[in-house]
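Work through the exercises below with the coordinates loaded. Try each task before reading its solution.

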Amino acid sequence: MKWWGWLLSLLPAGIGILIALLATNEIISDPILFLRGKLAAIAILMGVTISIITIAATQFWIYNQRKQKREIRELRKQASEDRRHFLQRLDHELKNPLTAIQAGLTNITYEPLEDYLANEVSAVQAQVLRISRLIADLRKLAALETTPLETTVVNMAELLTEVVSVMKDQTNLEDRQLTLILPNAPWPLSDVEGDPDLLLLAIHNLLDNAVKFTAQGDTIEVRAFDDRNDIVIEVADTGPGIPGTEVDRVWEELYRGEQARSIPGSGLGLPLVRAIIEKHGGIVVLRSRPDQGTVFSVRLPAI
Amino acid sequence: MDANPKLLLVDDETAITDRLAPFLSRAGFDVRVAADGEAALQEIVSYTPDLIVLDVLMPRLDGREVLRQLRQKGDWTPIILLTQVGESAERAMALMEGADDYINKPFDPNELAARIKTVLRRASPGQPPLTVAERLRCGDLVVDRTKRRAYLKTKEVDLSPKAMSLLEYMVTHPDELLSRDRLLDAVWGWDFPVGTRTVDTRIAELRRVLGDDPGDPQFIETIPGQGYRFIGKVEKTS
């Protein structure tokens with residue numbers, strides 16, 4: 001309870017005592033009221049009683065609030081634990097069949113196959129790889145919730161340069177303009193404390209999305225700057241934008257937007273980004289305008 | 001000609017053993033299968049395999065318990081664990097407990113066959129593998145695996161946690177060609193889209209901290225287009 005809460009609760013007792021003092025010192029008259037009690041006695045009695053009831057009621061209310069909050073926290077914790085166990089079991093239950101399928105496929109390809117069969121087998125192999133990737137991503141998500149971060153000082157400017165150069169090397173950008181804007185004056189971008197591999201993965205996922213959802217001639221900008229005690233990293237593109245109805249849902253696991261259906265991906269990229277950034281004590285939000293583009297904005301505590 | 005190496009394949013999933021056993025036979029091994037830990041312990045006595053491929057999660061007696069019981073008895077038959085766990089600490093623990101190597105499910109059977117051959121080549125019969133040593137030395141470099149620290153000329157070096165795990169994996173697998181994908185799987189346990197670059201970054205950190213010149217390496221050699229190899233001579237130390 002705050003100080004003013006105590007003050008308010010004790011106010012009736014104070015008023016009672018004041019009236020009693022004034023009456024006994026004959027500053028005001030002290031008539032006999034009901035039950036043959038004098039004003040002074042009745043004032044004290046009522047004041048103190050009201051105060052005690054108020055304090056008891058507030059304490060009871062506060063206790064209930066805390067209990068409720070604790071229960072909600074426990075429920076959330078339980079739900080997140082259940083989900084983690086579910087993911088672990090799913091991971092485990094899928095791994096064995098996948099191992100068997102992979103071994104079976106290898107056995108089939110031991111003898112040279114006719115062309116059409118070879119094509120079928122390699123198509124199945126590609127799908128097995130796809131499922132393997134999906135469960136690897138699910139495992140990553142589950143692991144992020146349980147495993148403590150292995151942190152070190154991370155130079156984000158270097159990391160961003162690295163991600164952009166990987167993207168330029170590995171992807172056919174086809175006339176998309178990809179630029180990285182880093183501050184140099186008056187000081188360079190601050191460092192953060194974190195797991196460099198996870199942060200690299202998060203930024204890579206954002207940039208990979210930007211490339212996937214843009215076309216020739218579009219512009220992609222990666223920019224970073226200090227903002228008070230944080231650093232902000234933005235990945236912006238001039239793609240089709242995300243419809244308003246989907247803006248909140250893109251963070252959901254396995255959610256695939258209307259436009260995303262035709263584009264390869266697991267539906268776990270953005271949930272992973274969010275899990276990684278939140279694990280680092282940061283936040284990630286998006287702003288999007290249909291037909292104009294999208295900006296993902298990551299905010300991380302600077303050192 | 002020498003007889004084929006004898007393999008014991010232990011997994012409770014017949015769907016896996018029925019596919020892997022013929023594959024491994026074709027790859028040049030004599031293969032027997034056991035369906036759980038207890039059956040494995042019996043087979044080890046009667047069959048005396050040269051190497052055991054051991055699944056971790058099994059009913060009755062799991063793979064780690066089999067590993068522990070064998071090593072406690074002083075049986076150092078090489079063991080490759082088929083691991084399920086995603087956490088790198090658990091995998092590193094498997095090595096400390098006496099496994100010679102581990103491979104995460106699901107895996108490419110060809111990769112398993114290659115690992116089996118490597119472990120057989122590296123193993124000295126009846127001797128504990130490098131993977132169980134608590135301290136390893138390579139020239140001026142000492143890696144203390146229990147403390148997870150490394151020293152160069154007795155001075156402690158400052159490594160990021162991932163670089164330390166990477167160094168640990170490399171010194172316990174000297175002279176082996178370690179592809180980026182394999183290092184990624186073994187040390188990170190994750191399949192990163194940008195993973196191979198991540199490996200290169202950590203290798204660069206190791207080289208910088210250890211003062212290793214890539215042009216004339218003492219410790220880590222680059223095999224162009226394939227990966228890395230730890231070339232220093234590694235020995236156990238106290």
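The exercises go from the interface to single residues.

**Conventions.** This is a predicted model, in which local features need pLDDT of at least 70, side-chain atom pairs count only at pLDDT 80 or more, and totals for chains, interfaces and linings use all residues. Residues are numbered from 1 along each chain as its sequence is written, chains are lettered from A and ligands numbered from 1 in the order in which they are written, and side-chain values use heavy atoms, with hydrogens and water left out.

**Exercise 1.** Find the extent of the interface between chain A and chain B.

*Solution.* Start with contacts, meaning heavy atoms within 4.5 Å. Chain A contributes 35 residues and chain B 31 residues. Next take the buried area, the accessible area (1.4 Å probe) that two parts lose on being put together, summed over both. It is about 3100 Å², and carbon and sulfur atoms give 57% of that.

**Exercise 2.** Count the salt bridges and polar contacts between chain A and chain B.

*Solution.* Apply the salt-bridge rule: a side-chain nitrogen of Lys or Arg within 4 Å of a carboxyl oxygen of Asp or Glu. Four salt bridges link chain A and chain B. One of them pairs A:Asp197 with B:Arg202, with the closest N and O atoms 3.5 Å apart. Now apply the polar-contact rule: a pair of N or O atoms within 3.5 Å, where within protein one must be able to donate a hydrogen and the other to accept it, and residues adjacent in sequence count only if both atoms are side-chain atoms. Eight residue pairs across the interface are in polar contact, both residues at pLDDT 80 or more.

**Exercise 3.** Which elements of chain A supply at least two residues of the side that touches chain B?

*Solution.* Assign elements as DSSP runs numbered from the N terminus: helices (H or I, at least four residues) and strands (E, at least two). The elements are α2 (39-108), α3 (115-146), α4 (156-170) and α5 (196-212) of chain A. The largest share, 12 residues, comes from α2(A).

**Exercise 4.** List the residues where α2(A) meets α1(B).

*Solution.* From α2(A) take A:Asn96, A:Thr99, A:Ala100, A:Ala103, A:Gly104, A:Thr106 and A:Asn107. From α1(B) take B:Ala15, B:Ile16, B:Arg19, B:Leu20, B:Phe23 and B:Arg26.

**Exercise 5.** Why does the salt bridge of B:Asp55 with B:Lys105 tie together parts that are 50 residues apart in sequence?

*Solution.* First check the distance: the closest N and O atoms of B:Asp55 and B:Lys105 are 3.1 Å apart. Then place both ends. B:Asp55 lies in β3 (residues 51-55) of chain B and B:Lys105 in the loop between β5 (101-104) and α5 (109-122), so the pair ties together parts 50 residues apart in sequence. Over all chains, the count is 34 salt bridges.
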